[in-house]
Amino acid sequence: MPIRIPDRLPAANVLSRENIFVMTETRAINQDIRPMRVLLLNLMPKKIETENQLLRMLSNSPLQIGVDLLRIDNRPSKNTPQSHLEHFYYDFEQIKDQFYDGLIITGAPLGLTDFCDVVYWDKIEQIVEWSKSHVTSTLFLCWAAQAGLKILYSLDKRTRLEKLSGVYEHQNMGQFEPLVRGFDDVFLAPHSRYADFPLELIREKTNLKVLAGSEQVGMYLAVSPDRRQVFVTGHPEYDPDTLHQEYMRDLSVGIEPNMPVNYYPDNNPDNPPRATWRSHGHLLFSNWLNYHVYQLTPYDLNTLSAAGDTLTKDWED
Ligand SMILES: CC(C)(COP(=O)(O)OP(=O)(O)OC[C@H]1O[C@@H](n2cnc3c(N)ncnc32)[C@H](O)[C@@H]1OP(=O)(O)O)[C@@H](O)C(=O)NCCC(=O)NCCSC(=O)CCC(=O)O
Ligand SMILES: N[C@@H](CCO)C(=O)O
């Protein structure tokens, strides 16, 4: 089933060219099934690219999914046309009385910025708190995972000496957890972060269930006991060339970044990179939509705030 997006959102053309079935608002209103409602809080610098990447991941589902785009930084954007933001994005005030089946909070290039110096930190805290009564399942990506751990578990920011950049192996630690259904025992995913998530720290300081990771990258995927919060510290949604774009950007601003690990064929940046994580990314987002959104969410979303922990399925561990 397709994703439901505004008629003129750029992703409509991008995804249609890839034979990905998107449904415009005009077509969608003729369907008499309840679409899933997913809110995308986009904090990434290249917002249109991130929209395309995440909508592609959400499109690989038998569900009809309505996607609302949210912004919380009303300063002029450095990397996205203001007209795009004004036309396609909601402000929190416009949606705070709404209920959603899913919320995705993206990464942000704020790995070297203390939380207290993040211009919209108060709004992030407000939205995470709001999600507890207005969203069935929240997916925190990369920087948002670190922010979510701070807000929900008071886990202080930990920063690596060097940026973790490249495509890394992960052990599947989730056994029969639905979120990792169909995962390989060992799988690849990109990372691009200074944030640090040591496995033992996560296990010691939170009640999260770690579902995938490694000694090298730490925790990659974890889920709360009620399965309503999912933390992903990497970027399974990335295009093949996203790490390359970031590498070239960081070189051009004089940061002297290390070359992304296990990424360029023959470790040569002149060779076009290939995606070795795409199937994992699609499976992760499909499993999230199926087991953490669709199968948990109440038919009447307005009952969500009263539902509390009765949403939890008693899946076998
Ligand atoms: C990454 C770049 C090169 C990006 O440079 P840009 O020219 O795009 O602009 P920028 O001023 O850095 O801002 C990028 C986006 O972050 C927003 N931004 C910047 N500072 C902010 C702050 N204090 N609070 C809230 N938002 C902030 C800007 O508004 C912009 O979003 P709009 O476009 O909407 O205006 C730069 O930030 C940089 O050199 N940073 C130091 C290296 C680094 O941190 N790289 C990323 C590491 S990876 C990472 O941080 C992932 C997370 C993690 O590691 O935990
Ligand atoms: N890693 C991204 C930011 C979100 O993780 C960057 O270098 O811009």
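Hi everyone. A salt bridge here is a side-chain nitrogen of Lys or Arg within 4 Å of a carboxyl oxygen of Asp or Glu. Please keep in mind that we are looking at a predicted model.

With that rule, the count is 16 salt bridges. Let's start with Lys 163 and Glu 246, whose closest N and O atoms are 3.9 Å apart. That pair ties together distant parts of the chain, with Lys 163 in strand S8 and Glu 246 in helix H9, 83 residues apart. Lys 163 is partly exposed, at 22% relative accessibility, while Glu 246 is buried, at 10%.

What else is linked with these two? Lys 163 and Glu 246 belong to a network of salt bridges together with Arg 249 and Asp 250. The side chains of Arg 249 and Asp 250 meet at 2.8 Å, N to O. Asp 250 is buried at 7% relative accessible area, and Arg 249 is partly exposed at 36%.

Now, on to the helices. H6, residues 121-134, packs against H7, residues 143-153, at an angle of about 75°, with axes 10 Å apart. The two are therefore roughly perpendicular to each other. The contact includes Trp 121 and Val 128 from H6, and Trp 143 and Ile 151 from H7. Its residues divide into seven nonpolar, no polar and three charged.

Finally, the inside. The largest nonpolar core has 43 residues, and Trp 288 is one of those with the most contacts inside it. Helix H10 gives the most to this core, with five residues. Apart from this core lies another, of 38 residues, including Phe 140 and Leu 199.

Key:
Residues are numbered from 1 along each chain as its sequence is written. Chains are lettered from A and ligands numbered from 1 in the order in which they are written. This is a predicted model: local features need pLDDT of at least 70, side-chain atom pairs count only at pLDDT 80 or more; totals for chains, interfaces and linings use all residues. Side-chain values use heavy atoms; hydrogens and water are left out. Axes are lines fitted to C-alpha atoms, for helices over the stretch in contact, and angles run from 0 to 180 degrees between N-to-C directions. Helices (H or I, at least four residues) and strands (E, at least two) are DSSP runs, numbered from the N terminus. Angles under 35 degrees count as roughly parallel, over 145 as roughly antiparallel, 65 to 115 as roughly perpendicular and the rest as oblique. Contact means heavy atoms within 4.5 Å. Ala, Val, Leu, Ile, Met, Phe, Trp, Tyr, Cys and Pro count as nonpolar, Asp, Glu, Lys and Arg as charged, and the others, Gly among them, as polar. A nonpolar core is a set of buried Ala, Val, Leu, Ile, Met, Phe, Trp, Tyr and Cys residues joined through side-chain atoms within 4.5 Å. Buried means under 20% relative accessible area, exposed over 50%, partly exposed in between (1.4 Å probe, protein chains only).
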